[in-house]
Structures are given as structure tokens and as C-alpha cells.
Amino acid sequence: MPATFKGGLHIEDFKDFTNKLPIKKLSDCGQHIFPLQQHIGAPLEAVVKVGDYVKVGQKIADSSAFVCAPLHSSVSGTVTDIKPFIHPSGAVVTSIAIENDFLYNISESVIPKGDPTNYTPEQIIAIIRDAGIVGLGGAGFPTHVKLSPPPDKKITHVIVNGAECEPYLTSDHRRMLESPDMILYGLKIAMRVLGLSNGYIGIETNKADAIKTMTAAADAYKGVKIIPLKTKYPQGAEKQLIKAITKRSVPSKGLPADVGVIVLNIDTVTAIANVFKTGMPLTSRIVTVSGDCVKEPGNFEVPLGVPFRHIFENAGGFMKEPRKIIMGGPMMGIAQFSLDAPSIKTTSALLALSDVGKTYDDISPCIRCGKCVNSCPMHLMPLYLNKAVSEGDLETAEKYNILDCIECGICSYLCPGRQNPLQHIRVAKQQIIEKSRKS
Amino acid sequence: MQEQKFVVSSSPHIHSEESVSSIMFDVLTALIPASVAGIYFFGYRAAIVLLTAVVSCVAFEAIYQYFMKKRITVNDLSAAVTGLLIGLNMPPSIPLWMVVIGSAFAIVIVKQLYGGLGKNFINPALAARCFMLIAWASAMTTYVTPFMGYGIDAVSSATPLAVLKGVSEGALPSLRNCFFGIKPGSIGETSAVMLSIGFIYLLVRKVIDFKIPAAYIIVFSVLTFMFGKTPYDATYTLYHILTGGLLLGAFFMATDYTTTPTTPLGQIIFGAGCGILTFVIRQFGGYPEGVSFSILLMNVVTPLIDRYTVPKKFGEVAKNVR
Ligand code: SF4
Ligand code: SF4
């Protein structure tokens, strides 16, 4: 029996579009835009000026804040602008524009770090920070912060998240098939930092070939176990993944470290391996380009800073007019209003869908079917949260644990009444958090 | 690629195919076997009763919404389901005007006046049946024997439950006949086989969950077997399960979304409560039948059950499990 958690839902995965397609390189792009906000945490400050010549892998922005990782150029060329640009979040964010000279001159700072056993854990953490590595799954939490848990938390497990439970997404899947050794090498480094002799990689059973490849490759890496996970959304959500593999429940308001676990993404450990093997900091990532409007869906290795328009053009453009462009998966991704937004460190996928947006038009009332209660992975009662929030009763919403919602989207996805509980929940959570900050 | 306007809304960006009308359509489909059985056993009169109930319910909903200037929502099929359930709960010989009034009661008073779909706190079809039992007791409890005709020639006959209880004289049909449906009773409650087929369909389609019906039937059976009129008599217990509205109620009425709990534990409590009440009413009450009243009573306490069975949120119990 594959490991899993209670609740959740099997969702049609649409992965057939791209799961057989090898990772392709993207064609050259003339202008790269690097927003100074790549992930949650403090915004960065540019360390280059307009007119500077920069090389591939050169640091272009940094910050002294702890929860922060520097940013490096993915091309060589001239800084043409540092000004506000459209950002995938929908906001306008100060960004560095670099004109690509197509020479791809590599920065002198890019030196392979070599054998990780030559370094202390502290040195490795510093290397990871300097390489700008963040969680490449969702929020983009800086990896060096994750790997430095408070000393009172004894870490017993490090888990690499190969669940990839969002529909359409196949970037992790392809990475596991194409470079299993990089993943395992990166995991070994993380194990070394945390002083662990065991590491785990959880993979959903709908990726049987990846389980096979990774299991075979893991033979050569002592202490690494591949754990098959039931194919069920949101199996890759941190708390649910930890539950499935360790049977431990991260306490409400708690962090994985509270139960002794650190979770890393497939692309994150690959990036760690890469900096030791080649010295190259994080300047590109795998992006699944998919959806029913995309002519030639595929998995692409996308350098940072490439406008979405250029990425879609590499996938053959659109064969019908998309009604919605999404960065990330369809369950938790962010809808885009412009194709000018550039790829950032958390761009796991780009989807172009023709048939969304009208899904909530035909609203029936909540019929109390209980399906949302049954499937909420946090075991909440979305129907009562929905009701309380729409009646403006935040107190009741808090009693029903609204702050524990992980915004997985299941309740809104399955509601036969086409209620959209998550939309209400999200707004209310914001209000509650702001209120508690003030008081 | 020219620039165009994209829809920008919050996640999730996809939705399951399921809707209220698709669910109601599934329920209607699941009730077809039992309806066909009723028509087969009681003839075209049964068909007319079913049709009258469905058409009246849909019409009353549309008329009410039209005059109240609300959006007309009969295409969500919920009124049709209520109608079919009312019809299946009628004796085949019921005068049609009573069916029409019962339907009006269900849709206008029980459903719409409480705010419409999803807001009514008791099951409209059951409320209508109980209202009619009180208003027209004799018409509602005159049952005819299958294949014996309809209209003026109807041969009235005691239901097996009435015979078991000793309130009526008559011969008990064989268990086999009870199982297949050759017995007096309401149109929809005769055939255990046909009801089960519909029930299984709903389970497979994941429209309903097995918890309420299972808890209901198990608790009722155990109580009847141990404390019934003739304790430890399997045949007596089987008669009680197969006759009367137990299966129709447990499968299709006690699983109504709006009027039953939404939590897993609440659903078990609800089913068990129905089982206990049905046993008590059949055993000690004045009526031979107890399913409708039991479910209605449990409907009333459903909000309370929901409130006291809120599931433990993720991470609530297992602090510091190491
Ligand atoms: S899924 Fe929708 S209709 Fe069903 S209980 Fe939840 S909010 Fe209500
Ligand atoms: S979005 Fe929140 S409330 Fe809805 S199912 Fe997911 S965790 Fe539960």
C-alpha cells in the first residue's frame, strides 16, 4: 500500500500532455527581466548598475536579510534598465533588465565546489545561500533557512518531495527520469548538512517509471529510501507529505521542523548538486508548458528572466485562444494577466487553458453535501467557513479553524453547488491576520 | 501572438464536472428501478401517481419562484427528486388531488419558505408524507395487494408490518416475495432488490456515502433481533428490514444532503439515531411504520449533531509525537 494521509481527492491529472516529453532547451531570448522579488521574504537590492556588463552566474542582487537568497544573471550582456516591471504575482516590481549578448560568457565566480565532504555543514549552508537556492515548489522559501532549523528542534528526517500532485505538472517527473543522480547527490549533501544517515524521496504512484528509475539509482546511495505515495491531491503539500511518510502530524501553526522533518523539492536538491558539481548558482529551472491551448506542450529548461510570451512561443504558440494563463498548477497557481511577466525562481509551470473562468458562473446554493468536509486535507469544514465568512462572522470562522486552511483549493474544486469557499477563506484569513497584527 | 484579455481569478482554476443537477440526475436514475418495480406490481395507477407528484413539485417550485421574482431553478432537478420520492412513498390507490396538495406542502412550505434548496431543515418528501398521514389517515394507509388492480376494484390489504404488529388481520407474504416486492405497501417500498440496485448505483457514483444507511440498518436490525416482539428470531427481523419503508428511507431519504449531518461521525450518529427511533416507534408506538417520523426527528437535530462532531483538525492531537 502506498503511503498517504486522510482526506484529499483524486483529481484528473492531465499529465499525458507532457510526461513523456524530454526536457528541452529554450531558444535564446534577447531581453531578460529579473524581478527583485523572486520568492517570499525581503525584496533584494540590485548590486549592478545600468550600463554594467554582467556574465552568466554573476550575482546581480542581494540583501542582508536572513530570509533571503541572492539573485544571479542567467545570461551575459548589459544592464539596460532597473525599473518597475510586471511581475507574475500581478504586482509591479522593481526589476533588472539585461540585454542578452548571446555569448553566454561565464562569470569568474562560477567555480565547481567539488567534494561536499570537504566542507562543514555551516560552509555548505553558506554555499547554498550564495547560490541563491530557494524552494522551487511553491512559495520559494530560501533553502539555507530551511537547512538551519533552530537548535532545539532535533531533525530526524529529510524528505525530497517528488509527489508532484498538481495536475499538468511534469517537471519534477522528467527531472527524476533524466537526472536521478543529481537528485540523489543533492539529497546526500542535505543529509550531510543535517547530520542524518537517512533520506527519503516520496513519489506518487502515477509516476511508476520515476519510482523505478529512482529506486534503481538509489541503490548506490546508502540510506536513501524511495517511498511510493498514493496518487491523491494534495499529496505534495508539506504537512500531508510528512504525514504520509513519517506518520507525524505537524501541529497546527507549526513548521515541519517541529516534528523533526525538513522537506525539499526535486529541483532544489538538483540545484544544490549543481553548485557543487559545476559551481553554477541557480539561474534556470524546469518549467512544464501545457494546457489545451498550447500547440506543442513540453518541459523546458527555462533561464530566469524570460518573458512568458517567449516561453509559449517555444511551445509552438497557441492553437486556440486561451482564456486563462496560469503560473504554476491549476489548483494553486496564479492567474496571469500579461504574457510580459518573466519567469522567476518559483515558475514551475505555465498553463494556457481555454475553458475556465466560467466554472463559477452557474452558482447553486450550498446543498450541504459534505464533500468538502470529507476531502479537506486539513480536516476543516469548508461549508461552515464559507457560510461564516459570507455572513461576515470572522469569529465563527476562527472557531472553525480558518487559519489552518492551506489553500489547496479542493473545496472550491469539488463543490457541486459551485460555491467557492476558498475565495472567501483567503480574504478572511488576510483580514484576521491583519487584525491580530494590529492588536 | 497578439495581446488579449485573460481571465484573472484566484485559484483553483479548474472544477470537477459535478454539479447539483448532475447529482440530482443520478438520484433520479437510481430511483428508476424501484419506480419500475412499483409500476410493474401496481399497474398504471402507480405510474400516474408518480407522474403527478413529479409534475406538481416541479410546477409548484417554478410557480413559487416566478411569483416571488426569484431565479427559476427547477433545472437543478431537486424538485423532481422530491416529487419522485413523494410518489414512491404513496399507496398506489391514493387520490391524485391529495398527491398534488402534498407536493405543494413539500415544495412551498417545507422547502421554499425556509429559503429553498440547501436551507430546508427537514426532508420535504418525508414532511409531505407525514402531513398527509395526519390529514388523510385512511387514504394514506389503505394498501392494495400487487397485481390486484386499482381504482374501484382495489382489494385493500394489510401491510406485512401491520400484520406483524398485530394491528391488522391478514396473511404474511413470504420473505421471498418481500424481497422481490410482491407485497402490499407504498409504490416505492416494495422491492428490496430494486431499491438496492439504485443504492449501489449511488454508492458507485460516489453521490452518497454508506455510513448513514449502514448505521441505520445495522442498529435497527440488532435492536429488533435482540429486543423485538419475538427476540432472537431472524425471520421476524428480516421481515422488519424488508418491509415497510426502511430500505427506501435508509437508502434515499436518510441520505438527503441538506437535512443530514456533513461530518463522518455525525453521519454515523444520525444513522444510529434513525435506527433506534424506528425500532422504538415500530415496537412501542401506535403506528406500524416508523421510518418517516424517525428520519424527520433526526433531521431536526442535524444542526446540533454537526456542531458537536466537528472533526479534529489536522495536527490538533499529535503534538510532539516524537
Ligand atoms: S462541497 Fe459545496 S455544496 Fe457541498 S457542503 Fe461543501 S460548500 Fe456545501
Ligand atoms: S482550501 Fe482550505 S478549507 Fe478548502 S479543502 Fe483546502 S485546506 Fe480545506
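**Close-up views of a predicted two-chain model**

**View 1. Glu164(A) is found in the loop between β9 (157-162) and α3 (171-178) of chain A.** Helices (H or I, at least four residues) and strands (E, at least two) are DSSP runs, numbered from the N terminus. Although Glu164(A) is not a glycine, this residue has a positive phi of about 40°. This is a predicted model, in which local features need pLDDT of at least 70, side-chain atom pairs count only at pLDDT 80 or more, and totals for chains, interfaces and linings use all residues. Residues are numbered from 1 along each chain as its sequence is written, chains are lettered from A and ligands numbered from 1 in the order in which they are written, and side-chain values use heavy atoms, with hydrogens and water left out.

**View 2. Two cis peptide bonds, one in each chain, are shown here.** In chain A, the cis bond joins Tyr233(A) and Pro234(A), with omega of about -10°, and Pro234(A) lies in the loop between β11 (224-229) and α6 (238-246). In chain B, the cis bond joins Ser11(B) and Pro12(B), with omega of about 0°, and Pro12(B) is found in the segment before α1 of that chain.

**View 3. A salt bridge links Glu301(A) with Lys25(A), the closest N and O atoms being 3.2 Å apart.** Glu301(A) lies in strand β14 (residues 298-303) and Lys25(A) in strand β1 (residues 23-25) of chain A, so the pair ties together parts that are 276 residues apart in sequence. A salt bridge here is a side-chain nitrogen of Lys or Arg within 4 Å of a carboxyl oxygen of Asp or Glu. Over all chains, a search of the whole structure finds 24 salt bridges.

**View 4. Ligand 1 is surrounded by residues of chain A, among them Cys366(A), Cys369(A), Cys372(A) and Cys415(A).** A residue is taken as near a molecule if one of its heavy atoms lies within 4 Å of it. The shell around ligand 1 also includes Arg368(A) and Gly370(A), and by class its residues divide into 8 nonpolar, 1 polar and 1 charged. In this scheme Ala, Val, Leu, Ile, Met, Phe, Trp, Tyr, Cys and Pro count as nonpolar, Asp, Glu, Lys and Arg as charged, and the others, Gly among them, as polar.

**View 5. Around ligand 2 there are 13 residues, of which Cys376(A), Cys405(A), Cys408(A), Gly409(A) and Cys411(A) come nearest.** The elements that give two or more residues to this shell are α12 (410-414) and α13 (421-438) of chain A. By class, the shell around ligand 2 has 11 nonpolar, 1 polar and 1 charged residues.

**View 6. Chain B meets chain A through 47 residues of chain B and 75 residues of chain A.** Contact means heavy atoms within 4.5 Å. The two chains bury about 5,100 Å² between them, 56% of it on carbon and sulfur atoms, where buried area is the accessible area (1.4 Å probe) that two parts lose on being put together, summed over both. The count between chain B and chain A is 3 salt bridges, and the side chains of Asp404(A) and Lys313(B) meet in a salt bridge of 2.9 Å, N to O. On the side of chain B that touches chain A, α1 (20-42) and α14 (291-308) each supply at least two residues, and α14(B) gives the most, with 3 residues. By class, that side of chain B has 18 nonpolar, 16 polar and 13 charged residues.
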